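Please look over the sequence and the model shown below before reading on. The report that follows takes up one topic at a time.

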Amino acid sequence: MAAHIRKNDTVLVISGKDRGKRGPVERIIPKDGRLVVAGVNMIKRHTKGRPGVRQAGIIERPGALSLSNVILICTHCSKPTRVGLTILENGRKVRRCKKCNETID
Ligand SMILES: [Zn+2]
């Protein structure tokens, strides 16, 4: 599972209709194992107009994706990667890119 993804990470979509798109993580929904990525899986919603409040129209917003449908893009080598966890000398856990071996945090 892609459990090492956090808010504001850039991720690549690896399956579904938006495969190949990338974007920043807006929100993670841990209990559903899902996340929302800006600009990905856009859902159109029709809104009714209310005089003086808002116009009728279509609002587009990103829908949730399964965490297993995305992969993290490393901030160092810019490649989609699996990450491992490394424990530093001070006990802090950090993510480490399995491609370039740099820590991601
Ligand atoms: Zn890397």
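Predicted model: local features only at pLDDT ≥ 70, side-chain atom pairs only at ≥ 80, totals over all residues.

Domain 1 covers residues 1–73 of the protein chain, and domain 2 covers residues 76–105. Nine residues from domain 1 and ten residues from domain 2 take part in the contact.

Between domain 1 and domain 2 an area of about 890 Å² is buried, and carbon and sulfur atoms give 58% of this area. On the side of domain 1, His4, Arg6 and Leu72 supply 55% of the area that this domain buries against domain 2, which is more than any other three residues supply.

## The zinc site

Which residues are the protein donors of the zinc ion? They are Cys74, Cys77, Cys97 and Cys100, each through its SG atom, and these donors lie 2.2 to 2.4 Å from the ion. The angles among the four donor atoms run from 105 to 115 degrees, and the site of the zinc ion is tetrahedral. Along the sequence, the donor residues follow the spacing C-x2-C-x19-C-x2-C.

When its neighbours within four places in sequence are left aside, threonine 81 is in contact with Ile71, Leu72, Cys74, Cys97, Lys98 and Lys99. Two residues in that list, Cys74 and Cys97, are among the protein donors of the zinc ion, and Leu72 is one of the three residues named above for the area that domain 1 buries against domain 2.

Serine 78 is placed in the loop between strand S7 (70–73) and strand S8 (80–81). Although serine 78 is a residue other than glycine, its phi is positive, with a value near 60 degrees. Its relative accessible area of 48% makes serine 78 partly exposed.

## The segment before strand S1

Aspartate 9 and asparagine 8 are both found in the segment before strand S1; strand S1 itself spans residues 10–13. Is aspartate 9 buried or exposed? At 10% relative accessibility, aspartate 9 counts as buried, while asparagine 8, at 61% relative accessibility, counts as exposed. Asparagine 8 is not a glycine, yet it has a positive phi of about 75 degrees.

The side chain of aspartate 9 reaches the backbone nitrogen of arginine 6 at 2.7 Å. Not counting residues up to four places away in sequence, aspartate 9 touches His4, Gly23, Pro24, Val25, Leu72 and Arg95.

## Glycine 23 in strand S2

Glycine 23, one of the residues that aspartate 9 touches, lies in strand S2, which is made up of residues 22–29. With 5% relative accessibility, glycine 23 counts as buried. Setting aside residues up to four places away in sequence, glycine 23 touches Asp9, Thr10, Val11, Val37 and Ala38.

Glycine 23 and isoleucine 71 are 48 residues apart along the chain, and their C-alpha atoms are separated by 11 Å. Isoleucine 71 is also one of the residues in contact with threonine 81.

Notes: Residues numbered from 1 in each chain as written. Heavy atoms only, no water. Donors = N, O, S within 2.8 Å, 3.2 Å for Na, K, Ca; no water. Tetrahedral: all angles 85-135°; square planar, octahedral: opposite > 155°, others 65-115°. Helix = DSSP H or I, 4+ residues; strand = E, 2+ residues; numbered from the N terminus. Buried < 20%, exposed > 50% of the residue type's maximum accessible area, 1.4 Å probe, protein only. Polar contact = N/O pair within 3.5 Å; in protein donor to acceptor, adjacent residues only side chain to side chain. Contact = heavy atoms within 4.5 Å. Domains from an automatic or database assignment. Buried area = accessible area lost by both parts, 1.4 Å probe.
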